[in-house]
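User: Can you walk me through a few residues in this model? I'll ask as I go.

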Amino acid sequence: MEYQAVAKNIKMSPRKVRLVVDTVKKKNLNKILSTLSLMHKRAALPVEKAIGSAIANAVNNFKVNREVLSIRDIIVTEGARLKRYHFAARGRVRPYKRRTSHIRVILTDNVSNKESRIMNKEETPGTEARKIE
């Protein structure tokens, strides 16, 4: 089964958040949390909070053991852009956009996936009836 958490409107560019996410994406869950706590990037804290929230959702809402959880995917998308202006010489303005990010963390437990696959194979009707004798 999959468990997820979404952190919306993080006031940071998605490009900068993806730098942090790509470094920790394919690692062990405990190793990811220790790496993020020691990382010197500003985006590490929101990513760590989103992962912690997904773990808490799985443990508290679905009573899953924390040791069986692994990260399936971390997706960073662009949120709303805030339009801002720098005032320039001669009465001009220079527009820029303050970008925001949405971080979606998807966790999975491999135990229930294997059990559900076994059940689906057993539930398929007529597999033995199709054999030609």
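User: Start with Ser101. Which strand is Ser101 in?
Analyst: Ser101 belongs to strand β5, residues 101–109. Strands are DSSP runs of E, at least two residues, numbered from the N terminus. This is a predicted model: local features need pLDDT of at least 70, side-chain atom pairs count only at pLDDT 80 or more, and totals for chains, interfaces and linings use all residues. Residues are numbered from 1 along each chain as its sequence is written, and side-chain values use heavy atoms, with hydrogens and water left out.

User: Is Ser101 buried or exposed?
Analyst: Buried, because its relative accessible area is 0%. Buried means under 20%, exposed over 50%, partly exposed in between (1.4 Å probe, protein chains only).

User: What does Ser101 touch?
Analyst: Leaving out residues up to four places away in sequence, its contacts include Ala7, Asn9, Pro14, Val76 and Gly79. Contact means heavy atoms within 4.5 Å.

User: Asn9, then. Where is Asn9 found?
Analyst: Asn9 sits in strand β1, residues 2–10. Asn9 is partly exposed, because its relative accessibility is 44%.

User: And which residues does Asn9 touch?
Analyst: Ala80, Thr100, Ser101 and His102, again not counting residues up to four places away in sequence. Asn9 and His102 are 93 residues apart in sequence, yet 5.7 Å apart in space, C-alpha to C-alpha.

User: New topic. Which strand holds Phe87?
Analyst: Strand β3, residues 82–87. Phe87 counts as exposed, because its relative accessibility is 73%.

Technical notes:
Helices (H or I, at least four residues) and strands (E, at least two) are DSSP runs, numbered from the N terminus.
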